[in-house]
Amino acid sequence: MKMLLSLGLLFAALSLGRCIPLQQAPNRSKLLLVSFDGFRWNYDQDVDTPNLDRMAADGVKAKYMTPPFITLTSPCHFTLLTGRYLENHGVIHNMWFDTKTGWRLPYYTTQGISSWWDNGSLPIWITAQRQASEFMECLHPQGLKTGSIHFPGTKAKYRGEEVYMKLVEPALFNYSNETNWRQSIDTVMEWFTVENLDFITLYFGEPDSAGHKFGPESTQRKNMIKQVDRTVGYLRQRIRESGLESNLNLIITSDHGMETVIKSNEIHIGTINNFTFKDLDFELLDYGPNGLMVPKEGKLEHVYSVLKNAHPKLHVYKKEEFPKRFHYANHSRITPLLLYSDPGYVIHGRYKVQFNKGEHGFDNEAMNMKTIFRAVGPAFKKGLVVEPFESVNVYALLCELLGITPEPHDGSLEVTKPMLLGPTDNDSNDSDDSNADTYRLQRPETGTSSTVLSCPGSPRAPGISTRTHGKMGKAVAHKDIQSQGCLKEPDRIPKTSLNY
Ligand SMILES: [Zn+2]
C-alpha cells in the first residue's frame, strides 16, 4: 500500500511535467537574516565578543561592509532587501514627507505608509513568496514561506502583498530589553520548525539607540555590544537545539555605523547670513547630517548661493549636481536642493533640537559609517575573512541562498560568491578559497556537535491565522495558501527624527 502510494505520488508529480521527483530534490537550506541596527564595523574590537568570534571562526566575516548613502535605517535596510541604491529603490529617508503640504511623518509612522515603500522595487520577501525553483513548486506551489520580526519595511504592503508571518513593533516598545530579544529568537525558531518557514528577517534596534544616546565610544555602547554578543550566542544555541544547524544559513549584518557628534562650530542654518526660511516652500532638516529643501519659485539660485559656502563642514548641492558616487539624488522624491555635512557635524534648522551624542547619515565612505557582515551555515566556508564590499550586494547572495531569481538590482553575486562552498567543496573545512581575496581565521576548538534533524514542518491549515507574541506586538499570518499541485502562480517609543 505504501509503495503504491509512493508510486502514485511520483506519477502525479511526473504527470504534471515540471516537477522533479522529490528524492532528486537538492537539500535546500533555510535562511535567517539578522540586523543589529547601527553596529559599526569595529564595535567588536574594544569589547570581548566570544560568540561573534566563534561565529567568525565557524563561518565568514567581512572586514567591513559599506552601506549606501544616505546612511539611515529604513533606506539602508531597504537596500539589503532589494539590492538597490536609494535613488533606485526610492526609500530615500526614514521620514515620509510631502513637499506640497509640508507634512512629514516620523520613523515609526512611516513604517506603515505602504506607498513610501512600495514604489517600484520589490523586497526579497515578496519575490520569494512569488517564486520557487522548479522542484520547489511541488512543495511550495505559491513560492517560499517568509517571515519578519521588526525588520524595517515589514509593515508595508507591496503590490498588495505582504510578508506571510510578521511581528510589527508596537508604538511603545523597548528596543533594548534582552528578554524581548530572546522571545523574538524563540519565535523565529518556532516559525522555522513548526510553521516551516524558509526565510526570516529579524531586527534589533540596538546598538543604534545606545550609540545615539551615549555616543559610540561610551561604556553604555560597549555594554550593549556585550548584550548583542550574548544574544548571538543564544541564537546559535537555539539553532542547535532546534536541529537547524545543518539546515540553516545565518547572516548577521547591520545598516550603518555611528559617529561621535561634534558640539563645537555647529552648523545652524537658521543663523546663516542672508538666509531666511521664507524663501523655502519645504525643508527637511534637524535629521542628523542630511537636509532636503524646496526653494520658492525663483529663489533656488539665491538660496543656493547663500548656503553654498556658509560653513566649511556643510555641503550644498543642486539635485542634478549631487555627486554621482552617492547614487542618491536621481529620484523624483529628491528635492531641488540637497545638504549634507562632514562626519561629526549635524545640520540644525530653525532651532537647535538635536542633542544626540552619536549620529549617522554621513558619507558612506567615512569609516565610522561602515558596518558588519557575518555569515555561517551549510552554504558558507569556514574561518574565512573577506575583503570589504557594498551592502547593495547582499540581496543577490540572499536570492542565491534561497534559490530564487532576483529582481533587477544594483549588486552582483560575484562579490559574495567566494564566501560560498562550491559543488566540489565536500568538506567545508577543506574549502578552497584561493580565488577570493581572503585569509583564514584561526579556528578555536568547537565544543559542540551538530545535530542533524529535519524540520518537522507541520502542514498548515488553509485560511487566516493570527498569532500573538506576548507583549511585544501582534503577529499576523495571512495568505490562504492551498496546494495547487505544480501550477505556478502568474508569475519602544516611536522613533522620532532625533533618535533614529
Ligand atoms: Zn539604523
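Colleague: Where is Asn249 placed?
Modeller: Asn249 sits in strand E9, residues 248-253. Strands (E, at least two residues) and helices (H or I, at least four) are DSSP runs numbered from the N terminus. The model is predicted: local features need pLDDT of at least 70, side-chain atom pairs count only at pLDDT 80 or more, and totals for chains, interfaces and linings use all residues. Residues are numbered from 1 along each chain as its sequence is written.

Colleague: Is Asn249 buried or exposed?
Modeller: Buried, because 22 other C-beta atoms lie within 10 Å. The cut-offs are 20 or more other C-beta atoms within 10 Å for buried, 12 or fewer for exposed, and partly exposed in between, with C-beta atoms placed from the backbone.

Colleague: Which residues is Asn249 in contact with, leaving aside neighbours within four places in sequence?
Modeller: Among them are Ser29, Leu31, Gly377, Phe380 and Leu401. Contact means C-beta atoms, placed from the backbone, within 7 Å.

Colleague: And how far apart are Asn249 and Leu32?
Modeller: They are 217 residues apart in sequence and 6.3 Å apart in space, C-alpha to C-alpha.

Colleague: Switching to H9. Which residues of H9 are buried?
Modeller: Asn180, Trp181, Ser184, Ile185, Thr187, Val188, Trp191 and Phe192. They cover an arc of only 155° around the axis, so they are on the same side of H9. The arc is taken from the directions from the helix axis to the C-beta atoms.

Colleague: What do the buried residues of H9 pack against?
Modeller: Strands E1 (30-36), E6 (146-149), E7 (165-167) and E8 (199-204), helix H11 (219-241), and E9.

Colleague: How many helices and strands in the chain?
Modeller: 14 helices and 23 strands.

Notes. Contact = placed C-beta atoms within 7 Å.
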